[in-house]
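Colleague: Could you take me through this one with questions and answers? I would like to see how each answer is reached.

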Amino acid sequence: MTQLLNSPLEVGVRVVAMLNALYPRQADLSRIVLLDHVALHSEDFSGAESLHPAVPVRIGELGMKRELVRQGIILMGVRGLIVRNLNVSGIYYGASDDARPFLESIDSAYLTKLRRRCAWAATEFGELDDETIRMRLGAVFGTWAEEFDQMRGNEKDD
């Protein structure tokens with residue numbers, strides 16, 4: 001059986017949903033990674049219930065996410081759902097004209113929730129500069145680290 005969770009296809013659909021929520025704005029790879037994380041763990045950022053579980057080691061997801069997001073962008077770009085623009089500031093990605101119809105063609109409770117979380121993340125974080133986003137994420141990461149330390153402390157007692 002082929003793995004779907006965190007595959008280029010699944011992550012690519014998430015990226016298309018995020019870029020669609022940001023439209024007409026575009027984002028570079030780093031911002032997409034951060035916004036994807038915020039959308040998946042929205043409850044940590046005072047949003048709706050998170051789509052992914054609140055495991056104590058979720059801070060480690062960011063380290064692996066960049067390559068997965070890059071692969072998802074390539075896959076969805078080849079399918080014409082993501083456009084790439086190069087300028088003096090770097091490479092930026094945006095939703096193509098086909099992104100919205102593509103997302104609307106998928107009847108899935110998960111995708112409906114994902115699109116809502118992406119819209120919220122785009123509204124809450126989309127206009128912020130990278131440093132402000134990192135500061136807001138840093139505050140949450142500190143909480144996650146405390147949760148992890150507490151979990152490790154409980155393991156030592158066993």
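Colleague: Let's start here: are Phe 45 and Phe 125 buried or exposed?

Modeller: First, a word of care: this is a predicted model, in which local features need pLDDT of at least 70 and side-chain atom pairs count only at pLDDT 80 or more, while totals for chains, interfaces and linings use all residues. Residues are numbered from 1 along each chain as its sequence is written, and side-chain values use heavy atoms, with hydrogens and water left out. A residue is buried under 20% relative accessible area, exposed over 50% and partly exposed in between (1.4 Å probe, protein chains only). Phe 125 has a relative accessible area of 0%, and both Phe 45 and Phe 125 are buried.

Colleague: How many aromatic pairs does a search of the whole structure find?

Modeller: Rings of Phe, Tyr and Trp (its six-membered ring) pair if their centres lie within 6.5 Å; planes under 30 degrees apart count as stacked, over 60 as edge-to-face and the rest as tilted. With that rule, the number of aromatic pairs in the whole structure is two.

Colleague: Is the pair of Phe 45 and Phe 125 stacked or edge-to-face?

Modeller: The ring centres of Phe 45 and Phe 125 are 5.9 Å apart. Their planes meet at 85°, so this pair is edge-to-face.

Colleague: And how many residues apart are Phe 45 and Phe 125?

Modeller: Helices (H or I, at least four residues) and strands (E, at least two) are DSSP runs, numbered from the N terminus. Phe 45 sits in the loop between α2 (29–40) and α3, and Phe 125 in helix α5 (residues 109–125). The pair therefore links distant parts of the chain, and the separation in residues is 80.

Colleague: Which residues form the aromatic cluster?

Modeller: Trp 120 comes in through Phe 125: their ring centres are 6.1 Å apart and their planes at 70°, so this pair is edge-to-face too. The one cluster is made of Phe 45, Trp 120 and Phe 125.

Colleague: Now the overall plan. In what order do the elements run from the N terminus on?

Modeller: The protein has six helices and two strands. From the N terminus on, they run α-α-α-β-β-α-α-α.

Colleague: How many residues does the hairpin between β1 and β2 pass through?

Modeller: Two strands pair if DSSP finds at least two bridges between them. Strand β1 (residues 82–87) and strand β2 (residues 90–95) pair in the antiparallel sense over six bridges; among the partners, Val 83 bridges to Gly 94 and Asn 87 stands opposite Gly 90. The number of residues joining β1 to β2 in the hairpin is two.

Colleague: How many residues of α2 are buried?

Modeller: Helix α2 has twelve residues, and the buried ones include Leu 29, Ile 32 and Val 33. This helix is largely enclosed by the rest of the structure, because its count of buried residues is eleven.

Colleague: Which residues does Val 69 contact, leaving aside neighbours within four places in sequence?

Modeller: Val 69 is in helix α3 (residues 61–78) and is buried, with a relative accessible area of 0%. Contact means heavy atoms within 4.5 Å. By that rule, Val 69 meets Val 11, Val 15, Leu 29, Ile 32 and Val 33.

Colleague: Which residues have the most contacts inside the largest nonpolar core?

Modeller: A nonpolar core is a set of buried Ala, Val, Leu, Ile, Met, Phe, Trp, Tyr and Cys residues joined through side-chain atoms within 4.5 Å. The largest has 38 residues, and α1, α2, α3, β2, α4, α5 and α6 (130–157) each give two or more. Ile 73, for instance, touches Val 15, Leu 29, Ile 32, Ile 82 and Tyr 93, not counting residues up to four places away in sequence. The residues with the most contacts inside the core are Val 15, Leu 19, Ile 32, Val 69, Ile 73, Ile 82 and Phe 125.

Colleague: Last one: is Ser 96 buried or exposed?

Modeller: Ser 96 lies in the loop between β2 and α4 (99–104). Not counting residues up to four places away in sequence, Ser 96 touches Gly 80, Leu 81, Ile 82 and Val 83. Its relative accessibility is 11%, so Ser 96 counts as buried.

Conventions:
The expected span of a helix is 1.5 Å times one less than its number of residues.
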